[in-house]
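Please read the points below alongside the sequence and the coordinates.

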Amino acid sequence: MNIFEKLARRTPSRPPADDAVAGFGTPAGIGSGGGAKDVERAIRTHTGKLPDEFIAPVKVSVDQRRIIAMAVSVLVNYPQPDFLQRLETVEEQLDQLPLAIATDFVDFATWARDAGLRGMEEHYVETFDQRRRCSLFLSYYAVGDTRQRGMAILSFRQQLEALGFVVSDEELPDHLCVVLEALALSEDHDSAVEMVASYREGIEVLRAALGHVNSPYLSLVTALCKSLPKVDPDTAQKYVDLIRTGPPAEMVGIADLPFPTAQPNTV
């Protein structure tokens with residue numbers, strides 16, 4: 001049994017807290033009401049220093065990127081009772097990965113064993129549930145706390161289905177772990193990479209936020225970023241805009257949607 005057969009036993013990611021459906025993690029502290037006051041407050045509160053450089057990509061094969069995506073998907077999900085067994089399965093694959101990426105997983109594994117399941121649960125809640133800037137829901141970075149979230153969720157579902165990946169009703173398709181599992185399992189790997197790259201600015205904001213709070217989960221997001229294509233100038237500018245002002249507080253209408261869309265195949 002390979003890593004995908006061992007780890008691809010779908011464990012639905014926990015739904016967001018009751019008040020997090022709209023505000024599930026705001027890197028800039030932007031409010032739900034919208035307006036100039038929210039923007040002004042967001043400009044003053046960002047996730048940390050702007051990086052001088054983004055992480056340089058590490059050359060990986062398709063199989064290596066699939067392993068990395070699956071491993072990050074499993075380890076970034078809420079720690080279940082079988083977490084240490086899954087961690088051991090990931091560690092068995094590290095000799096297949098470039099040293100620069102394997103080291104990131106080793107660093108996280110060392111912390112996880114020292115923290116234990118209870119310590120991991122507490123850190124996870126504190127980091128991802130109680131810190132709005134550490135959102136694992138990628139649509140937030142595109143549409144923020146706005147009425148467009150429903151359209152964004154639908155877009156994610158359509159994109160994943162176009163990749164041949166079925167999302168259950170118990171999962172939110174914009175969750176990072178769901179998207180990365182699709183990257184690991186989709187036969188259309190190039191299109192899956194392109195999809196993940198289209199949300200790269202959000203992943204980079206998450207990485208910056210995790211670094212700002214010294215979370216060990218930073219190692220996993222860093223490993224992911226090393227396996228993705230180099231950040232292009234347009235994505236870099238989107239990242240700078242997000243880190244300075246936060247996601248949109250509200251937008252009117254649905255024209256010029258700020259996220260990729262996919263249309264179902266028609267005959």
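The protein chain has 13 helices and zero strands in this predicted model. From the N terminus on, its elements run α-α-α-α-α-α-α-α-α-α-α-α-α. Of the 267 residues in the chain, 52% are buried.

**Burial**

- In helix H5 (residues 83–91), the buried residues are Phe83, Arg86, Leu87, Thr89 and Val90. These residues lie on the same side of H5, because they cover an arc of only 155 degrees around the axis.
- Tyrosine 217 is located in the loop between helix H11 (200–212) and helix H12 (218–226). With a relative accessible area of 0%, tyrosine 217 is buried.
- The C-alpha atom of tyrosine 217 is separated by 9.2 Å from that of threonine 127, although the two residues are 90 residues apart along the chain.

**Salt bridges**

- The structure holds six salt bridges. Side chains of opposite charge can pair when their charged atoms come close.
- Arginine 86, one of the buried residues of helix H5, forms a salt bridge with aspartate 82 at 3.0 Å, N to O. Arginine 86 has a relative accessible area of 12% and is therefore buried, whereas aspartate 82, at 32%, counts as partly exposed.
- Arginine 118 and glutamate 122 meet in a salt bridge whose closest N and O atoms are 3.2 Å apart. Both residues belong to helix H6 (residues 99–129) and are four residues apart, about one turn of the helix. An α-helix has 3.6 residues a turn, so residues three or four places apart point the same way.
- At 59% relative accessibility arginine 118 counts as exposed, while glutamate 122, at 46%, counts as partly exposed.
- The side chains of arginine 207 and glutamate 204 form a salt bridge at 2.6 Å, N to O. In helix H11 these two residues are separated by about one helical turn, because they are three residues apart.
- Arginine 207 is buried at 14% relative accessibility, and glutamate 204 is buried with a relative accessible area of 1%. Salt bridges with shared partners join Arg200, Glu204 and Arg207 into one network.

**Charged surface**

- Glu187, Asp188, Asp190 and Glu194 form a negative surface patch.
- Within this patch, aspartate 188 sits in the loop between helix H9 (176–185) and helix H10 (189–198). Aspartate 188 has a relative accessible area of 36%, so this residue is partly exposed.

Key. Residues numbered from 1 in each chain as written. Predicted model: local features only at pLDDT ≥ 70, side-chain atom pairs only at ≥ 80, totals over all residues. Heavy atoms only, no water. Patch = residues over 30% accessible without salt bridge, like charges linked within 9 Å, V, L, I, M, F, W, Y side chains within 5 Å. Areas by Shrake-Rupley, 256 points an atom, 1.4 Å probe, with all protein chains shown as cover. Salt bridge = Lys/Arg side-chain N within 4 Å of Asp/Glu carboxyl O. Lys, Arg positive; Asp, Glu negative; His and termini not counted. Charge placed at Lys NZ, Arg CZ, Asp CG, Glu CD. Buried < 20%, exposed > 50% of the residue type's maximum accessible area, 1.4 Å probe, protein only. Arc of directions from axis to C-beta.
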